[in-house]
Amino acid sequence: MTTPAVTNVAQGDAHVGVQAQAIHGDVYYQLPPDASPKERFRTGVKYLDARMPGRARELIEEAVARGYETDEVRFHWLLALLSGRTLRQLGAEDLATLSAICARITRVHGRGEWTAGLRSVLRLLNSVNTADTDLVVKELDELRPRQRDKILDHLGVLLEGPLEDHLWQRSVERARAGRMARDRAARVSLFFQPVPAGPRGPEVRPASISLAEWLRLGAAGTLCVLAAGNVGWLLRRGEPSALLAYLVVVAATVTLLVGGADWHFRRERLRAKDERFAPPRQRRTPPAGGFARKVDRLFDRYFGRYVPRGTERSEWLKGTAGIRRHLRDELVDAYREQRIDADRIAWLVRHLVSDVRQVWEKDTLTAYRAELRTPVATRALCLVALIAIVAGSLRVAPAAVAVAPFGGAVSLLVAVVTGVIGTRAWFRVTTERRRVRADEIEYAHQRAARQSAYERWQKTLSHKPSDAEMAFWLECDRKLLVDEAMRHYRLRPSQVIAHAFIEAPASSYKRARFPRGPWRYSRYRLLLFLLTGDGVRQVDIDLDFEGGGWRGTQRLNYRFDAVAAVRIHGAAARHQTFELTLVNGAPIDVRVTESMDAGIQPGEDLRTLSEVTLDASGLAHTLDMLEGIAAEGKQWIHHQHGRTKDRLDELAATLSGLID
C-alpha cells in the first residue's frame, strides 16, 4: 500500500458558526450534593445511556464506594468500563479495574434480570479463552430486551473472531431498526429549539387626552349651553315658530354630537389600521447581531416561507410589507428590555405570520374596512341634523336679535363659536375613549390567541427527545457508517482491529444540551478510522444529524508508519483542534470542541462540561489508539494484544469460577 498525498480535509471547518443554540431547563442530570448512593448510580446510568461512559463510571464507582452494590450496579459498571472499545483498546489501568470488579463479585447465581445480564457479560469476557461461542449467543438471546440491547449497544465490538462478527451483525441490525425509530424525523429538530419566551401581546395605550383638551371641552360646552339657554330664554317672548325652530336646532345638535362622534371614531380607527398596511418608511438598518436585526431575519424567513396558496411570493411580500413592519416593531418593543435571544420568540413570529397567511387566504386581511365603514343611516342622520341646524338657525337668529339686539347677537355668536370648539373637542375625547375600549377588546383576543399558540408549542416541545435518545440515534448513525465503510473496503468486523471516530461540529450548525450534559449538534463532521492489519482506512463524513442523511467527503489509506504525530491544540474548556500529521502530507486538523463558557448554567463548571463533552465524543479513546500507533507503529497492535491477553488469561480462572 502506498501512502497518498494528503490535504487538509477540514478546511471548511476553519470557521465554525452557531446558527442557534439552546440550553434546556430540564434537570435530566441534576444531582444534589447530598445525593444518596442509589441516586448517584441512577444518574450514572443516565450518562451511560447517553454514551458518556467515563462520567458514568465515576458516579457508579462513587455509589459502590458508599456501599451501594448489586448485580445491576456491577452490570452497568462493567458496561461503563468496556463501552465502545475492543479488548485491544483497554489500557493497563482499565484491565486492572476489570480485575478489581471481577474480584468483588461472588458466584453469580439467581434468576434476576440483572443477574442474568451480569452473567452474560462475564460469559462474553470468558469467551476469549474458549471456542464454544454457542453458549454465549444462546445466553444473550435468552436475556430480556433491556439487558440484551445494552450489551449489544456497548459491547458489540468488544471481542475478536467469529463471535465478534455475530455480535456486530446483531448490533448493526439493531442500529438499522433504531436509527429512525421513536419518530426521530419529527422530534430531533425539537431538541434544538430554545426554551420559548412567554407570550406578550400589545399593551393598550392609555387614553391620551390632555388637561387642556378636557378644559377646552368643559369651558366650551358650558359657555355654549349658557349662551344657547339665553337664546331660548329670549325666544319665549317671540313668535312660537321661532321657539319651535330653536327646539329643532337643539335636538339636531344632540343628534349630530352622537352620530358625528361615531362617524369620527370610525374614520380615525380606519385611518390608523390602514397605516399598518402602508408601505414602511425607509428606516436606518438596526445594528448587526442585535435583537431587532434578528427579529427582522425571523420575519423575513417566515414571510418568505409561508406563502399563501395560489399567490406569487412577490405579491405576498409586497402586499404584507406594512403589516410585517408593524408586527416586527410591536415584538421588538414588547421584548427588547427582557434581553432574550430572538430565537426564543420564533414560535410567536411563526404564529403571527401563519395568522396573516390565513386571513390572506380567506381574503379577510382588510375586512376591518367593511366593519369600520360608517353606516349609511348614520351618515344620513348626521346630514339631516346638519341641515336642520342650519335651517333652524336662520329662523332663530333674526328672532333672537329682534327681541334683544345686543344680548341676542352676543349669545348667538358665543353659542356658535363655543359650539364648534366644543364639538371638535367632544369628537376627539369620545374617539380616544372609544379607541381604548376597542383596543382592550382587540388585544384581549390577540393575547388569548398567542397564549393558545404558546401552549400548543410547549406541548409540542414536550415531545423533544431526551439526551439518551439523541445519543442512541447518533450511535446508530455511527454504527451504520462503520458498517458501510467496512462493506466498501470488503472487510469483516473480525478483520478490523479497532475503529474510532473524531467527532466535531460541522461548519454551520445548531446546538443544544441539557444542564451538565454535552452539546449535541444538528450537523457533524466525522472522521472515521478503521484499523486493520494493513494500515489505517480513514473516511471523512458530513453527517446531517437533524435530517438523517450523510455523505462521504474523502477517503484516505495509509500505513501505520505513515503516522508521524497526533495531538490536540487548545485549552480543555475552550476551542480544541485535533491534528493528525502524516510523514508526507499536510496536517489533517479538525476543530473538535467549541468554547464551553457560552450559556453556562448555575451549578455547572467548565471543567466538568469539557469532560462530559469529550467523553460523549469518544475522543479520549481515539487519541489513545492513534497516539499508540504514532509512537509504536504496527507494533502497537501486537503489544496491545499481548498485554490484553496476558491479563485476561489471569482472569480466566476467576471468570470460570463465577459463571460455571
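Author: D439 touches V204, R269 and A444, leaving aside residues up to four places away in sequence. Contact here means heavy atoms within 4.5 Å. D439 sits in helix 18, residues 405-461. Helices (H or I, at least four residues) and strands (E, at least two) are DSSP runs, numbered from the N terminus. Is D439 buried or exposed? D439 counts as buried, at 5% relative accessibility. Buried means under 20% relative accessible area, exposed means over 50%, and partly exposed lies in between (1.4 Å probe, protein chains only).

A note on the basis. This is a predicted model, where local features need pLDDT of at least 70 and side-chain atom pairs count only at pLDDT 80 or more, while totals for chains, interfaces and linings use all residues. Residues are numbered from 1 along each chain as its sequence is written, and side-chain values use heavy atoms, with hydrogens and water left out.

Now the charges. The whole structure holds 55 salt bridges. Each is a side-chain nitrogen of Lys or Arg within 4 Å of a carboxyl oxygen of Asp or Glu. One of them pairs E69 with R74, with 3.3 Å between the closest N and O atoms. E69 is partly exposed, at 24% relative accessible area. R74 counts as buried, at 14%.

Another pairs E432 with R205, where the closest N and O atoms are 3.6 Å apart. E432 belongs to helix 18, and R205 to the loop between helix 9 (184-191) and helix 10, so this pair ties together parts 227 residues apart in sequence. E432 is buried, with a relative accessible area of 12%. R205 is partly exposed, at 46%.

D467 and R520 form a further salt bridge, their closest N and O atoms 2.9 Å apart. This pair also links distant parts of the chain: D467 is in helix 19, R520 is in strand 4 (residues 520-521), and 53 residues separate them. D467 is buried, with a relative accessible area of 0%. R520 counts as buried too, at 3%.

Back to the starting residue. D439 belongs to one network with R205, R269, K273, R276, E432, R435 and E442, joined by salt bridges that share partners.

Next, helix 10. W214 lies in this helix, which spans residues 211-234. W214 is partly exposed, with 39% relative accessible area. Together with L211 and L215, W214 makes a nonpolar surface patch of about 350 Å² accessible area. Such patches take residues with over 30% relative accessible area and no salt bridge; like charges are joined within 9 Å, nonpolar side chains (Val, Leu, Ile, Met, Phe, Trp, Tyr) within 5 Å. The areas come from the Shrake-Rupley method with a 1.4 Å probe, and for residues only the protein chains shown count as cover.

Three strands make an open sheet, ordered 8-9-10, with antiparallel pairing. Strand 8 (563-569) and strand 10 (588-593) are the edges; each has a single partner strand, so one side of each lacks a neighbour in the sheet. Neighbouring strands are turned by 15 degrees against each other on average, direction ignored. Strand 9 (residues 576-582) and strand 10 run antiparallel and are joined by five bridges. Two strands pair if DSSP finds at least two bridges between them. L580 has I588 in strand 10 as its bridge partner. Helix 21 (residues 619-632) packs on the sheet and touches strand 8, strand 9 and strand 10, its direction making about 150 degrees with that of strand 8. Axes are lines fitted to C-alpha atoms, for helices over the stretch in contact, and angles run from 0 to 180 degrees between N-to-C directions. F578 has V590 in strand 10 as its bridge partner. A hairpin of five residues connects strand 9 to strand 10.

Last, the backbone. Most residues other than glycine have a negative phi. R51 has a positive phi of about 65 degrees. R51 lies in the loop between helix 1 (37-49) and helix 2 (53-65). R490 also has a positive phi, near 55 degrees. R490 is in the loop between helix 19 (467-488) and strand 2 (496-505).
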